[in-house]
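Open your viewer and get ready to select things by residue number. We will go stop by stop.

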Amino acid sequence: MTDRGTARPPGAEQSRHGIGVSPGTAYGPVVQVAPPVAPPADEPAASDPAAAAESVVAAFMRVASALDAKADQLDADARDILRATALIARDRALHRAAARHLEAGSGPATSVAAAIEEFAAQFEALGGYFAERVADLRDIGSRVVAEVLGERVPGVPDLSEPSVIVADDLAPAETATLDRALVLGIVTEAGGRTSHTAILAAQMGIPAVVQLADATEIPVGTPVSLDGDSGEVVLHPDPAAVAAQRERRERRAAALARISGPGATSDGHGVALLANIGGIEDAELAGPQDVEGVGLFRTEFVFLSADRAPTVEDQTEIYRRVFEPFGERRVVVRTLDAGADKPLAFADLGPEENPALGRRGLRLSQARPELLDAQLEALAAAASLTRADVRVMAPMVATAEEAGWFAARVAANGLRCSGVMIEVPAAALRAEQVLGAVHFGSLGTNDLAQYTMAADRMEGELSDLLDPWQPAVLDLIAAAASGARAAGKPLGVCGESAGDPLLALVLTGLGVTSLSMAAGKVPAVRLALSAHSLADCEGLAALARTETTPRAAREAVRAAAAPELLELL
Ligand code: PEP
Ligand code: MG
């Protein structure tokens with residue numbers, strides 16, 4: 001553990017601060033997630049290729065045995081999958097391929113990686129069952145490379161007890177596959193408030209803190225408590241502090257349980273409160289909760305690990321299962337927002353200099369319209385099988401022309417209601433024209449902050465610039481809301497800012513008509529709205545916009561908001 005200046009006895013309580021991104025508190029032992037290991041670029045050739053080949057085979061066999069041991073602890077389906085993966089690791093042809101690379105002068109780890117890629121290409125060419133095994137093959141590769149280099153096995157280790165996961169950062173696919181029953185909380189050293197790890201953690205209801213300095217140096221097993229609202233992480237917390245944290249959690253839950261139903265200000269101005277979801281499991285969790293539907297279904301999250309484009313039939317079944325838990329409520333589906341920080345293997349247009357400014361979102365759909373049409377066809381089929389009020393929106397729209405192109409495609413596939421994300425400054429400034437082409441808009445404040453402030457949302461060091469309380473971001477939201485009013489179209493917010501109770505008041509005051517967030521954040525926002533009239537919200541919005549820094553804007557709104565709210569924040 002890094003000792004920051006003062007010598008502390010081991011085991012002494014130590015408080016640190018990161019950024020809270022998923023509300024709630026957790027207490028448990030630390031489990032560290034090892035980062036992926038790449039073969040060193042300058043790995044020397046093996047001096048004795050035959051002996052090196054034997055060591056490489058031994059590493060493959062150790063990985064296979066570890067997978068078998070893990071399989072023994074799982075249920076039948078998962079067991080079969082892991083046993084099949086272990087069989088690949090024992091495949092002699094794979095071992096021979098690595099030996100050939102060793103003889104040709106590559107180092108051991110490089111030879112393993114090259115053999116794996118050779119096989120991946122063959123599996124992909126074979127298609128079907130084989131193509132679906134490519135992710136398993138690469139997983140074996142990264143485990144064997146780590147073995148060969150004597151590094152820790154990458155990825156989230158198997159948890160034997162409820163734990164707090166600590167990592168430099170987690171890939172979206174890693175976060176999505178965490179076991180909700182065993183992961184009490186997540187702490188990362190990197191990441192930012194709108195990184196997809198943060199978004200997924202909030203959706204999964206797992207408390208999370210990002211940007212915690214030196215988090216990866218916390219020894220495994222250290223007891224920690226974390227607060228996903230304030231961002232505080234305490235190492236070796238005093239038992240009295242853990243009890244106080246639990247009491248606060250209970251008080252907060254009791255206060256939030258006192259109010260239910262549709263979102264509205266104290267004078268009855270309705271603001272629909274909706275859930276952000278990323279797949280079937282989220283839908284099944286959010287459906288029974290007190291939400292008015294879904295304001296953002298990030299469909300790309302379903303396919304993060306897919307090697308091949310899903311068929312229309314497969315997609316139809318997934319979407320049907322997502323819609324079902326919401327009965328007749330609305331479900332706003334966003335078409336694939338692939339590219340940049342959310343790459344999809346089957347929707348890859350090749351390397352780009354600046355992926356966040358490249359062919360992502362709707363631009364990718366325009367380059368690969370067959371992917372969009374297959375998705376729209378599946379959405380229309382799933383909508384006809386359920387009672388849900390299905391609406392479809394496009395990500396990364398910059399112009400009215402793009403909005404019109406999308407609306408026509410949606411209509412051609414028999415879907416009635418189309419919308420667009422307003423997350424590019426150009427679309428916010430021209431909201432009246434952009435929204436004129438569709439039925440509704442939804443502000444993606446995560447990307448709007450990124451593009452307004454020219455600050456990569458994956459760059460945790462730039463968190464302050466990415467703060468949605470930035471005056472320029474609030475100005476753009478105000479411009480978009482006034483454009484939406486002029487066009488007579490509803491405009492919601494589905495970026496992470498919607499789940500901040502104070503900012504939700506400001507957004508309402510600026511004129512947004514719905515707020516969509518991780519379902520776990522809805523109760524606090526509902527309570528905040530109920531304690532203020534629409535005129536109060538307009539006053540708070542004006543107040544926020546008079547300030548010149550995000551911190552001052554938040555503090556001014558906090559000081560002017562209803563006092564009963566403050567205990568919950
Ligand atoms: C956003 O950009 O605010 C948004 C909601 O979309 P995503 O976070 O998936 O980019
Ligand atoms: Mg976005």
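**Stop one: the ligand**

Select ligand 1 and T445: a polar backbone atom of T445 lies 3.1 Å from an oxygen atom of the ligand. That is a polar contact, meaning a pair of N or O atoms within 3.5 Å. An N or O atom in the side chain of D447 is 2.9 Å from an oxygen atom of ligand 1. Next, show R457, where a polar side-chain atom sits 2.8 Å from a ligand 1 oxygen. Which residues come nearest to ligand 1? They are R298, R334, G444, N446 and R457, out of 16 residues around the ligand. A residue counts as near if one of its heavy atoms lies within 4 Å.

A word on the model. It is predicted, so local features need pLDDT of at least 70 and side-chain atom pairs pLDDT 80 or more, while totals for chains, interfaces and linings use all residues. Residues are numbered from 1 along each chain as written, chains are lettered from A and ligands numbered from 1 in written order, and side-chain values use heavy atoms, without hydrogens or water.

**Stop two: the domains**

Color domain 1 (12-35 + 154-242), domain 2 (49-149) and domain 3 (257-566). These bounds come from an automatic or database domain assignment. The C-alpha centres of domain 1 and domain 2 are 31 Å apart.

**Stop three: two helices**

Select α1 (residues 49-71) and α3 (residues 92-103). Helices here are DSSP runs (H or I) of at least four residues. Show the side chains where they meet: among them are F60 and M61 in α1, and L94 and L102 in α3. Contact means heavy atoms within 4.5 Å.

Terms used. Axes are lines fitted to C-alpha atoms, for helices over the stretch in contact, and angles run from 0 to 180 degrees between N-to-C directions. A polar contact is a pair of N or O atoms within 3.5 Å; within protein, one must be able to donate a hydrogen and the other to accept it, and residues adjacent in sequence count only if both atoms are side-chain atoms.
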